[in-house]
Every structure is written in C-alpha cells, then in structure tokens.
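Here's a quick briefing to read alongside the model. Have the viewer open and follow along.

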Amino acid sequence: MVVNLPAMNSSKDKLIHDVVIIGGGVIGLTIARALALRGVRDICVLERGALGTEASFAAAGMLAPQAEADSRDELFNLLWQSRDLYPNFASALKEESGIDIELDTTGTLYLAFSEHDQTEIDQRYEWQTQVGLPVEKLAAAEARMHEPCIAPDLSGALRFPLDIQVENRRVLSALANSVSQLGIRTLCGINAESIEKHHQRVKGIQTSDGFIACETVVVASGAWTGFLSSSVKIEPIRGQMICLTTTPQLTRHVIYSPRGYIVPRQDGRLLAGSTSEQAGYKKEVTVGGVTKILDNAMEIAPAISGLAIADAWAGLRPKASDGLPVLGPCGEIDGLFFATGHYRNGILLAPITGELLAKTIVDGVTPAILAPFSPDRFAAINVS
Ligand SMILES: Cc1cc2nc3c(=O)[nH]c(=O)nc-3n(C[C@H](O)[C@H](O)[C@H](O)COP(=O)(O)OP(=O)(O)OC[C@H]3O[C@@H](n4cnc5c(N)ncnc54)[C@H](O)[C@@H]3O)c2cc1C
C-alpha cells in the first residue's frame, strides 16, 4: 500500500507554540487533531523521523478489547470505550482527509487447539457472558463454516462480533492529512532532547535544532519516552510481523490462537503476527521470530504454507513497568502531559487518548477515567 503522507516542514521559522507534542505516531497525531478541533490554535508536532513510521506503522490494526481479556478492569473499560469511538472517528477522518481507514466489522475468531487452549477460551466465555458482553461459543465445525481455512484439528472457538480491525497505515495517512488541513505545524527530522522548566512550570523544549518555547508539552514519544523522562519508565517490546499475499483472501475474520494471529486486509495482504521480545531498540526481523510466527499462523490455517511472503518488519511497542498506558498531566510540573505506554493497544486507544488528553488540556480538569493511568503513579517526575 502507498502511504500518502503530506509534505513535512523540516525547518521552523517560529519558535513559540501554545502546545508542542513530542512524537508524530498515532498517539501524537490524534491528540494534535483533537486539540485543534477543540479550538487550540498554535499546535506543533515534533517528530525526529518522519510522521507515523514507528510502532504505529508496524501494527496489525486490530481493535480487539475482548479477544484476549481475562477480566473487566479499568484498562478494559478504556479499550472498550475507545473501540466505540472508532465508527465516528473513521467517518470524520474520511471527511477531513478523503482517506478511508478501512474499518472492517466482520469480527474476530479465537481458536482452541488443545485442552489447555479450550480451558482458556471457556473461562473467557464464562466471565464475558456473565457481565453481558457479546461473545459466541462455536463448535469446531461451526467455526470452520465461518472460515473454511481453519485447521481441522480445532477443538472449539469463540467469536467476538464487536472486535474489529482497521488499516492502521491508512489511519496514519488520514491523520497526517487531517492535521495538515487543520493548520497544525509538523516539524520532522528534529529530535526533542530535553523538556525545560522554570519553577516547576514548562517553558519549552530543547531540540536538535534549537529551543522551542511553549506553555504545554505533551510527551507522546512511544518507546523512546525514557530518554525524555527517566521516571516514566517505558520499555520497548519488539513485535515482528510478516506480510503474505493471498488472492482471493483466505479469511474474512481476524483469527487468533493463544500463540499468534492472522489479519486479512482488503487488498489481499494477510498479516501474521507477532512476537513479544525484549531486544532493546533493535528493530530487526529474526530467523527465530519469522519461524515462530509462521508456525503459529500455519497452525491456524495450514494453507498459509503455500502463500508468498511479501514483506516483514518489526516495531517497538511502548510498555510501562505495570503494562498500563501513561495518560494525563504530571502533578509536579505545570504544563507537562504524558500520552505514552500504549503497549499492545495504541491503535485501539488512539481515539479516546486524543479526546481525553485534549479535554484535560483545554478544560484544565482531568476526567476520572484517567485516574488509574496517571503519570504520577511513578516516582516523582523528572524531565531533565
Ligand atoms: C507488531 C506490532 C503489532 C501491533 N498490533 C496492534 C494492534 O493490532 N492493535 C493495536 O491497538 N495496537 C497494536 N500495536 C501497538 C501499537 O502499534 C502501539 O501501541 C502504538 O503504535 C503506539 O503509538 P505511539 O504514537 O505512542 O508510538 P509510535 O508510533 O512509536 O510513535 C512515537 C513517535 O515518537 C517519535 N519520537 C520518539 N522520541 C522522540 C524525540 N525525542 N523527539 C522527537 N520525536 C520522537 C518517534 O520517532 C515516533 O515516530 C502493535 C505494535 C506492534 C509493534
């Protein structure tokens, strides 16, 4: 797919902004757009590479709060609410940018191949039906009626009709167009080196291209957040992905097993993922990673063994020490906000992150739903 990002500004002629957002991934761009739609005028997105080329580009685009959830906790509620925002988000982006983000509402299947897998899905079915969530239990034959490509040694499956998917690279293109239409400045190729403060108030950002003065900074720098704030510890978790080509498409649903997943795209690509590795900042695709992903994908659908490999890549998921996103104002430094640590769910969480961060910055009041995700849950925030 061709990613159509608009021309980027590479130099700055004005050094003062109301809000500077560090990071031009799905999170930074969504917050910038939401702020502009709330009337904030002078917004700048600072990106050290090109917009939308890191984790957000590497993702699979699944919007699936239910498929892997084992309880209804605060994160589940946030994921669930963000998924509900996606239909409106998709149509607004289409209107603003002309780009269809390919929101596909076919649903998700989660397969069990062993007794152990079956126990896992039985438990998931039980708690989710008890709290009234939509989930269907399927016998092996029923699952294979939905998707004949599924391996015959299946023991059972769940179907999550509301766990859907989106083409995340199109989301990035749409967001980049939209922020450009809204008059948001994007400074690409510039690294934010430190956040400067005076008497516990933000006064600007020291960058590789000089100082930018601003009253509000939003740190949306994904897996690299730790370089700007040592107290908000975000670890990079590498995820590798393989892109296969299929015509006609092998499956309509997103299909998971406890070991991997496959995701069909409208243009005939089939994504197979993923790994979860502590490999520092290395974004390599490895022999071990590829082998594991393909084995798990072929367990789901043996016909995958005959498909051509079109591409492979890796991205770095931003994970906080407790695995939860880090969202909201920093209590100790006025004007400093964090929107990071989205780990495995940053594409899903983008719309609600944009809405809640913009609301917090504009209204000056933090919505209660953000309390469990406050940056203040870590040690005293330090930025330089
Ligand atoms: C293989 C894989 C599969 C995934 N699948 C899914 C999925 O199906 N569904 C889902 O919801 N999520 C998924 N995710 C997770 C999702 O991709 C991330 O949670 C999300 O992209 C995080 O977005 P972000 O904007 O915070 O980070 P990024 O997209 O990484 O953006 C951060 C940006 O900040 C910039 N930056 C960093 N430091 C600085 C600095 N000092 N100065 C200037 N710029 C800086 C970086 O260059 C980067 O562009 C997946 C991730 C991976 C790797």
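Predicted model: local features only at pLDDT ≥ 70, side-chain atom pairs only at ≥ 80, totals over all residues.

Residues are numbered from 1 along each chain as its sequence is written, and side-chain values use heavy atoms, with hydrogens and water left out.

- Serine 56 puts a polar side-chain atom 2.5 Å from an oxygen atom of the ligand, while arginine 48 has a backbone N or O atom 3.1 Å from a ligand nitrogen.
- On its own the ligand has 1,000 Å² of accessible area, and the protein covers 98% of that (Shrake-Rupley method, 1.4 Å probe; for residues, only the protein chains shown count as cover).
- Two or more shell residues come from each of helix 1 (26-37), strand 2 (43-47), helix 2 (55-58), strand 12 (234-245), strand 16 (308-320) and helix 8 (346-363); helices (H or I, at least four residues) and strands (E, at least two) are DSSP runs, numbered from the N terminus.
- There are 39 residues around the ligand, with Glu47, Ser56, Met62, Tyr343 and Leu348 coming nearest (near means a heavy atom within 4 Å).

**Strand 11 and its partners**

- Strand 1 (residues 16-22) pairs with strand 11 (residues 210-219) in the parallel sense, over six bridges; pairing takes at least two DSSP bridges between the strands.
- Alanine 213 in strand 11 is the bridge partner of isoleucine 16 and also of glycine 204.
- Strand 10 (residues 201-207) runs antiparallel to strand 11, joined by four bridges, and the two form a hairpin with two residues between them.
- Strand 18 (residues 336-340) runs parallel to strand 11 over three bridges, with valine 217 opposite leucine 336.

**Serine 257**

- You'll find serine 257 in strand 13 (residues 254-257).
- Serine 257 is buried, at 2% relative accessible area (buried is under 20%, exposed over 50%, partly exposed in between; 1.4 Å probe, protein chains only).
- Beyond its neighbours within four places in sequence, serine 257 is in contact with Tyr110, Leu111, Phe113, Glu299 and Ile300 (heavy atoms within 4.5 Å).

Note on methods. Polar contact = N/O pair within 3.5 Å; in protein donor to acceptor, adjacent residues only side chain to side chain.
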